[in-house]
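Please read the following note with the coordinates open.

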Amino acid sequence: LRQVNPDWQTAAFVMPLGHKATFEDADWSWEIMGGAFGRYVENDRRWWAFGVFADVGIADDLYLPYAGVSWQLSDELTISAVMPWPSVLYAPSTDVLYRIGASPSGASWSLFENRGEIAFEFGSWDFGIAAERRLVGNIWGGIEAGIGGLRSLRVTDGRWKGPEFGLDASPYFNLNITFRPSLP
């Protein structure tokens, strides 16, 4: 992470991963994930994010561009179009936050025994409403409820399949405790 100047922040990461099945004769598979990102503060109410994410390894290489904007319409209301977490946030005070939005969920991994291939699936997107409250200091408690949909985006042996666009109602419920560091 680096604060380049008052308007620009940058960040980068590299994460090597090793995968090995529990079979006696299984080989190791290696992949490297990484990314480089920048954040530009246009003014007191709007900032932009740019970058790229890469996953190089097991199957086909994956490169994803990253872009988004967060626009504070007022002291209480913000529209965040930072993918993959688009949302509208409403904070009537410094101790309460409401959010309506979407986020990916339900990833799973599979190993095909007869071929030694690995597959993964993004189970769904959650569309929900959340309420959070400061409990003490920087510790927040929250509750969220909604439905999951846009199911079954699959990647098997480097090939994409899906997603299925049936948004069958599948409710979810979430309780959380979050640490949010404050700015000085």
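The points below take the basis of the model, the pocket, the strands and the salt bridges in turn.

1. The model is predicted: local features need pLDDT of at least 70, side-chain atom pairs count only at pLDDT 80 or more, and totals for chains, interfaces and linings use all residues. Residues are numbered from 1 along each chain as its sequence is written, and side-chain values use heavy atoms, with hydrogens and water left out.

2. The largest pocket has a volume of about 1,100 Å³. Here a pocket is an open set of points on a 1 Å grid over the protein atoms alone, where a 1.4 Å probe fits, with protein on both sides within 12 Å along at least five of seven lines. The volume is the space filled by probe spheres set on the points.

3. By class, the lining of the largest pocket has 13 nonpolar, eight polar and eight charged residues. Nonpolar covers Ala, Val, Leu, Ile, Met, Phe, Trp, Tyr, Cys and Pro, charged covers Asp, Glu, Lys and Arg, and the others, Gly among them, are polar. Strands are DSSP runs of E, at least two residues long, numbered from the N terminus. The largest share of the lining, four residues, comes from β7.

4. β6 (77-80) is one of the strands that each supply at least two lining residues. Buried means under 20% relative accessible area, exposed over 50%, and partly exposed in between (1.4 Å probe, protein chains only).

5. β6 pairs (at least two DSSP bridges between two strands) on both sides of the sequence. β5 and β6 run antiparallel with three bridges, and T78 is the bridge partner of Q72. Four bridges join β6 to β7, also antiparallel, and I79 stands opposite V88.

6. The structure holds five salt bridges, each a side-chain nitrogen of Lys or Arg within 4 Å of a carboxyl oxygen of Asp or Glu. D75 and R45 meet in one of them (3.2 Å, N to O). D75 lies in the loop between β5 and β6 and R45 in the loop between β3 and β4, so the pair ties together parts 30 residues apart in sequence. D75 is exposed at 59%.

7. E144 and R99 meet in another salt bridge (3.3 Å, N to O). E144 lies in β10 and R99 in β8, so this pair ties together parts 45 residues apart in sequence. E144 is buried, with a relative accessible area of 11%.

How values were computed: 1 Å grid on protein atoms, 1.4 Å probe; cavity = no way out; pocket = protein on both sides within 12 Å on 5 of 7 lines; lining within 4 Å.
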